[in-house]
Amino acid sequence: MYSSRLAIGGRACLRSAPACIAKAQRPSTPGCIHRLAAGSRKDCKSGAKRLFHTTRVSRAEDFYDILGVKRGASQSEIKKAYYQLAKKYHPDANKEAGAKDRFIKIQEAYDTLSDESKRKSYDQFGTADPTGGMGGGPGAGFSGFGNMEDILSQMFGGGMGGMGGMGGRGRGGGFMSVGEDIDASVTISFMEAVNGARKSVTITPVVKCEPCGGQGARKGARRQTCKTCRGTGQAMFQMGGFHVQQPCPECSGEGSTISAKDRCSSCQGRGRVRERKSVQVDIPPGCDNGMRVKLQGMGDVPLEGEGPSGDLYVRVRVMPSKVFRRKGSDIYYDVELPFTTAILGGSVQVPTVDGDVEVKISPGVQPGDELRLRAKGVRKLQSSLRGDQYLNLKVRLPKSLTAEQQRLIEQFAALASGAPPPSKAAEAPGEAAGEAAGEGSSEKSGGFFSRIKRDFEKFKHDK
């Protein structure tokens, strides 16, 4: 488009380009001749000098550039590009600033280029409307928006009214919906979590009313077509210059209504009731505290229309064990050892989830040492492998000693510190006599340590 500005006797006049310069065929002022070249001058019959210049008005963004396709692109290429961009910039999927405006431009471009007649007009005149307008009213350029339900159904699995659980058509032409999920909980013991169990839980899901079959009408009565949506289950409203569909508020998207006198007495015309029932839940071996078990299709049925039921999620609470501690698939157990067993070694009986086992203790173990029993833990979920059991060794010391035990401990302490044992002088003659009599070489070689070991064994046996 061009605009012309004429200076006549110090006054400016504005003339529209089509009336003044379109091919210089129909000048708006008799006797005036305006050339298309900018800055040209001509004298009118009135003798006044007129100045003339042209200004190019910026054109709207090209529809082909918006969709990112060439001008010779096929309909399949245009459709493919549109699907990708609409999915990317749809306001329900893209919350960035400007995404909504971008989506509107994409829709306008597709609406024009997907229609061969509009595309031909756009290629020739730069607009889908040969008269230069945009359709003559609010929402122009969006006449094809009615097919957005099919487009969004392919992209998001439902129509525009189906975002958030709504899908295809339900009873009487309304929208199909998905039932809500429900939650329940069950408490099991530690060993039930280890080995698995079957438990019963009580739930109260929403189900279809049995007397009316979920229709909401008493036996023999018929539902009537909704007068608001005329059975489509959809209502159209205008938002931001384009039309949007939503479930009809009168019939809740079902497309039909029922009078008060014809309503089912069991469900009061809603077609849905709550039913109390018990279901069996299989707890898998290795289930831990806080885990959830899913029972598909055991939740609520859709409150309106037809569609799949929701799911039941059972949260498992595991009671703590008085014997074991659990970390993942591993089990921990504290073992108390007499100090004599810690020094001399031996064996102890240890409980596991499979029963008691005997564990060998090596001489000289220290308090806090940890032993591992392989594959004695909890079974890992969805696997045949098991964790391990760890034994934390704790040494138990006696609170009181007999005189003999006191003497032996003192001898051991003196020997450990390098000092002479208190009874060495008293025992020297006996040792010399034993050597003279030839009473075994073991006393010569073993000496005090042999006696200490025998005394410890005696102390352990007496205890």
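Good morning. I begin with E336, which counts as exposed because its relative accessibility is 52%, exposed meaning over 50% relative accessible area, buried under 20% and partly exposed in between, with a 1.4 Å probe and protein chains only. The model is predicted, so local features need pLDDT of at least 70 and side-chain atom pairs count only at pLDDT 80 or more, while totals for chains, interfaces and linings use all residues. Residues are numbered from 1 along each chain as its sequence is written, and side-chain values use heavy atoms, with hydrogens and water left out.

E336 belongs to strand 19, residues 330-338; strands here are DSSP runs of E of at least two residues, and helices are runs of H or I of at least four, numbered from the N terminus. Beyond residues up to four places away in sequence, E336 touches K394 and R396, a contact being heavy atoms within 4.5 Å. Its C-alpha atom is separated by 5.7 Å from that of V395, which is 59 residues away along the chain.

I turn now to N94, in the loop between helix 3 (75-89) and helix 4 (99-113). Is N94 buried or exposed? N94 counts as buried, because its relative accessibility is 12%. Two polar contacts involve its side chain; the term denotes a pair of N or O atoms within 3.5 Å, where, within protein, one must be able to donate a hydrogen and the other to accept it, and residues adjacent in sequence count only if both atoms are side-chain atoms. A polar atom of the N94 side chain lies 3.1 Å from the backbone oxygen of K88, and the side chain also reaches the backbone nitrogen of E96 at 2.9 Å. Leaving aside neighbours within four places in sequence, N94 is in contact with K88, Y89 and A99.

Next, the helices on either side of this loop. Helix 3 and helix 4 pack at about 165°, their axes 10 Å apart; axes are lines fitted to C-alpha atoms over the stretch in contact, and angles run from 0 to 180 degrees between N-to-C directions. The two helices are therefore roughly antiparallel, the term for angles over 145 degrees. Residues of helix 3 including Y82, L85 and Y89 meet residues of helix 4, among them F103, I106 and Y110.

Helix 4 is mostly covered, with 11 of its 15 residues buried. Among the buried residues are A99, F103, I106 and L113.

Thank you.

Note on methods: Angles under 35 degrees count as roughly parallel, over 145 as roughly antiparallel, 65 to 115 as roughly perpendicular and the rest as oblique.
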